Amino acid sequence: MTYEITSPPPDLTVTVQGRLDTLTSPKLESELEPSIAQAKNLVLDVTGVDYLSSAGLRLLLTLQKRFKREGGSFKLRGIQPGVMEILRMTGFLKILSVE
Amino acid sequence: MRRSFQLWLFVSVALAFAALFYLTYYLQTKEAFGSAEAMIELRMDDAKKQIAINENNLKAVLDICNASMANDVKTVAYILSCAPAFATNAYKLEELRRVMGYDEVHIINRHALIENSAIDPVLGNAENYIGFNLKLHAQSEPFVHGIGKQDFVLVQPPLPRGMDRKLFQYGGASRLDDEGIVQLGISVSFLEKAMENNSLATLSPGLRIGVGGEILIVRGEKIVGAARVDLEGRTLTSVGLDPELISKLHQGEGSFSAEIDGVDFFGLYVQSGDLTLLGVMPTYEVTRKRNSIAIQLVISALVLMLVVFLSVSKLVQVIVIDGIDRINASLGRITAGHLDEKVTENRSKEFEELSGGINTTVEALKGAIAAEKTRLNSELEFARAVQISALPQIHDDPRFEIFASMEAAKEVGGDFYDFFIVDESHLAFLIADVSGKGIPAAMFMMNAKAQLKSNILNNPQKPLDEVIYEVNNSICEGNDACMFVTVFVGVLDLRSGLMNYVNAGHNAPIIRRANGDASWLPVENGFVIGGMDSVDYIQESVTLSPGDGILLYTDGVTEAMNRQLALYGDDRLISLMDGPIMRSAPTDCILGELKSDVSAFADGAPQSDDITMLFLHYLG
């Protein structure tokens, strides 16, 4: 998993490549923490994400709750079919905003 | 470390170089001025001696001249007493003048008046002098005092006279024939040459010091002798010396530095009679040798410094820094987790001890980690035992069969299944997958499992979606870790075969009809439990006929990976379930066949997630 901050806070955009699983999701979460702390809104570009485990879902849930609580917005962009299937099955599509 | 050492080394070497340079420069300067002083002193002594010799020579010449003239004038006085005619007769006197070889002869009477004269015709007319009163002229007045005295003789020093200022000397003696004075005069141009030879100006060119140094001979404020023509005749102020220095130069002796016509000079001064001698040398000449030594020193010391710096630097690099780098590399591998790494740096006793110390520490650490791992393993095993004991036992009931299996990827998994009799005619069954693994997931799982069971048991009449709604809110409370669980739960009416079910974010089950046809159970994808409170769920239902079965599973099945990181997938699962193997498989072998197919797919790739499955066979 690699990532790149393509737009700085407050309108933070992070582009992620690879798998969001048990190993990579906590890493992404802790490394993004400083940027997220300054962000008002977040767009997570997951065009390059081909797999999402429950740890990845948990990261999405954490982000969703956080931005909702702070009054900002959290959106996903570029969801691939495999990931879309997981989001659909787990009901995450009901609570997440998708661009 | 290498950088800071090199900096330190560089500074030390540079300081040593600077100290050496300063010391040499200081000693060379002292030496240069010392030898310049000695040289100037020597030349000043020469100059003093030469001046003394010249003065003595001139004095001797003048003494001879004076004695000769005194003798001649007394001779003329004697001749006049023997032959008085010479005194009165102009022709006789002229004869006497020529014989004596003088330019002028004057006979002066007792009234100080010239009464007879003889003069070299080239110089003038004798008649013009007759009657000249000696008292009226400063030069001649001293002779008046001899009138009337016996044995009076006066020889005047040579004095410049007339338009051309030629030296002329007068001498006089008391007359023997009568009261009065006889006077001789002569042009002493030969003396001029002698005095010129004695002049200090002619002395100086011979008194050079080195190349640009010389002796300046000073009388009062004025330079009367100098090797350089442009200095001669000028005053000390005009060449640039300040008054304070000038007054110092006129007292005793010593050394001084000053600018003369804009050039720095070093010099000595000494008094010699009414003269002051200044021996001066241009400072650049004094220090030239020192400067060339300094340049040579700087070049050779720089080369030496570079050699010392490079060789010490290299030596330390080889002896110390390389060893430390190697140890650091080993430490890097150790901290990266390779605890089997051995530090083998042993080029010196100290390194050997250090390596040994690190190795011992790592060994001790490994021991501690192993002990901790053993403790953790035993705890995990215990947790596993608790988890397994929480799973329901297989019921012996004529109305249904249940088969279940759980294989955790780690000792403690996040998956679980459950089934229990709600009342005499209802069977509840569920499968769940907690996000995460390990102890936290297991604890979350135990809570979720208990909540689900108690809520379903306590509300047998409530629609299942409402029960799940309550369970979700209850689990969400205080769930700060944002853990969640996907659940598929069904309640089967064992009399009618009607099965109500709610899917909370879990994989869709497969319904296997009695004839072997298998298909996806249509499910509404509700949100996971524990993720967010006040989420609505939807209850659905399907009717099972006797012989039909439901397969529940977790994503450990569909997301099992092979070596190429491909997923097992829904398609392979439904094909297998609907395929010939499963159609002919007895119900108690269905889970076994499924497990074998997943293992065959994985082809030895390690299991990354819990694999849990449950097959409910409705018998009617």
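Predicted model: local features only at pLDDT ≥ 70, side-chain atom pairs only at ≥ 80, totals over all residues.
**Stop 1: chain B as a whole**

Start by colouring chain B by secondary structure. Chain B has 620 residues, and 31% of them are buried. Now think about contacts between residues at least 6 apart in sequence. In chain B, 61% of these join residues at least 24 apart.

**Stop 2: strand 21 of chain B**

Select residues 549–553 of chain B, which form strand 21. Is this strand enclosed or open to the outside? Five of its five residues are buried, so strand 21 of chain B is largely enclosed by the rest of the structure. Show the side chains and look at each face in turn. G549(B), L551(B) and Y553(B) lie on one side. I550(B) and L552(B) lie on the other. Both faces are covered.

Select residues 510–512 of chain B for strand 18; the two strands pair in the antiparallel sense over three bridges. Here I510(B) stands opposite L551(B), and I511(B) stands opposite I550(B). Then select residues 611–618 of chain B for strand 22. Strand 22 and strand 21 of chain B also pair in the antiparallel sense, over five bridges. Look for H617(B) in strand 22, the bridge partner of G549(B).

**Stop 3**

Which strands of chain B make it up, and in what order? The order is 13-22-21-18-19, an open sheet of five strands with antiparallel pairing. The edges are strand 13 (400–407) and strand 19 (518–520) of chain B, each pairing on one side only. On average, neighbouring strands of this sheet are turned by 15° against each other, direction ignored.

Two helices come next. Select residues 569–578 of chain B for helix 13. Helix 13 lies across strand 18, strand 19 and strand 21 of chain B. Its angle to strand 19 of chain B is about 150°. Then select residues 590–602 of chain B for helix 15, which lies across strand 13 and strand 22 of chain B. Helix 15 runs at about 150° to strand 22 of chain B.

**Stop 4: helices 8, 9 and 10 of chain B**

Select residues 283–335 of chain B for helix 8, and residues 349–390 for helix 9. The axes of helix 8 and helix 9 of chain B are 11 Å apart, at an angle of about 5°. Helix 8 and helix 9 of chain B are therefore roughly parallel to each other. Show side chains at the contact. From helix 8 of chain B come G323(B), I327(B), L331(B) and I334(B). From helix 9 of chain B come F351(B), L354(B), S355(B), I358(B) and V362(B). By class, this contact has seven nonpolar, two polar and no charged residues.

The crossing is left-handed. A383(B), Q387(B) and A390(B) of helix 9 meet I439(B), A442(B), M446(B) and K449(B) of helix 10. These residues divide into five nonpolar, one polar and one charged.

**Stop 5: the sheet of chain A**

Move to chain A. Five strands form an open sheet in the order 1-2-3-4-5, with mixed pairing. Its edges are strand 1 (2–7) and strand 5 (97–98) of chain A, each of which pairs on one side only. Select residues 11–20 and 41–52 of chain A. These are strand 2 and strand 3, paired in the parallel sense over nine bridges. Q17(A) has G48(A) in strand 3 of chain A as its bridge partner. Helix 1 (residues 24–38) of chain A packs on the sheet, touching strand 1, strand 2 and strand 3 of chain A. Its direction makes about 170° with that of strand 2 of chain A.

**Stop 6: where the chains meet**

Finish with both chains shown. Chain A puts 13 residues into the contact, and chain B puts 14. On the side of chain A, helix 2 (54–69), helix 3 (81–89) and helix 4 (92–95) are the elements that give two or more residues. Which of them gives the most? Helix 2 of chain A does, with seven residues. Colour the side of chain A that touches chain B by class: five nonpolar, four polar and four charged.

Technical notes: Residues numbered from 1 in each chain as written. Chains lettered and ligands numbered in written order. Buried ≥ 20, exposed ≤ 12 C-beta atoms within 10 Å, placed from the backbone. Contact = placed C-beta atoms within 7 Å. Axes fitted to C-alpha atoms, helices over the stretch in contact; angles between N-to-C directions. Helix = DSSP H or I, 4+ residues; strand = E, 2+ residues; numbered from the N terminus. Left-handed = near helix turned anticlockwise from the far one by under 90°. Nonpolar A, V, L, I, M, F, W, Y, C, P; charged D, E, K, R; others polar. Pairing = 2+ DSSP bridges. Parallel < 35°, antiparallel > 145°, perpendicular 65-115°, else oblique.
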